[in-house]
Amino acid sequence: MQIDLKEKFKQPVMVYYQLNNFYQNHRRYIKSKSIDQLKGKYLSVNDIEEDCEPIIKNSDLWITTSIEGKPLDPDGPAHPCGLIARSLFNDSYTLSTIPQIGTEIQILDKDIAWESDRKRFKNTNNASVVQWTNIEDERFMVWMRPAGLPDFRKLWGRIEVDLEPG
């Protein structure tokens, strides 16, 4: 998609995505997560069963490898567990000055989550835990804060250079 800027955009330029008809406010969806797990605590399948229904085990994820490329134990606890984590919006975007041949403009994911979330969300220190996604990734943190309406925008990144017209 080509975007023609009519005027200069001064940094920081925030990049959002919008989803329509995606219901993050359903009670079953909102409840399906483990706060303790998101804080870095190791929890077994039995520990997360009640909080994370229906995404409890790695086999419930439909994902077979970890973020490091290691195979996930199908019977091991999904880390992170729950519907919110499993439905993570993971599209990516690139922006360049001229399509395909121009200079790529870096879209950063630093400082897009709330400070309170950056302090609270922690990967576990337990070496036996194999995670399917990075809990400390700020895009993940933004996703885990559910939207109240079915049409919503969420912050995806920030551009820390001025964008010139054109």
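What volume does the largest cavity have? In this predicted model, the largest cavity has a volume of about 30 Å³. The count comes to one cavity of 30 Å³ or more. Its lining consists of Tyr17, Phe89, Arg139, Val142, Trp143, Leu155 and Trp156. By class, six of these lining residues are nonpolar, none is polar and one is charged. Helix 6 (138–143) and strand 4 each supply at least two residues of this lining. Helix 6 gives the most, with three residues.

The open space was examined next. The largest pocket holds about 850 Å³ of space. It is lined by 22 residues, and the closest to its centre are Met1, Ile3, Thr94, Leu95 and Ser96. Strand 1 (13–19) and strand 2 (95–96) are the elements that give two or more residues to the lining of this pocket. Strand 1 gives the most, with four residues. The lining of the largest pocket comprises 15 nonpolar, five polar and two charged residues.

Strand 4 (residues 152–159) also contains Arg158. Arg158 has a relative accessible area of 14% and is therefore buried, the cut-off being under 20%. The side chains of Arg158 and Glu160 are joined by a polar contact of 3.1 Å. Beyond four places away in sequence, Arg158 touches Pro12, Val13 and Met14, together with Gln106, Ile107, Leu108, Lys110, Asp111 and Ile112.

Methods:
Residues numbered from 1 in each chain as written. Predicted model: local features only at pLDDT ≥ 70, side-chain atom pairs only at ≥ 80, totals over all residues. Heavy atoms only, no water. 1 Å grid on protein atoms, 1.4 Å probe; cavity = no way out; pocket = protein on both sides within 12 Å on 5 of 7 lines; lining within 4 Å. Points joined across faces, edges and corners; volume = space filled by probe spheres on them. Nonpolar A, V, L, I, M, F, W, Y, C, P; charged D, E, K, R; others polar. Buried < 20%, exposed > 50% of the residue type's maximum accessible area, 1.4 Å probe, protein only. Polar contact = N/O pair within 3.5 Å; in protein donor to acceptor, adjacent residues only side chain to side chain. Contact = heavy atoms within 4.5 Å.
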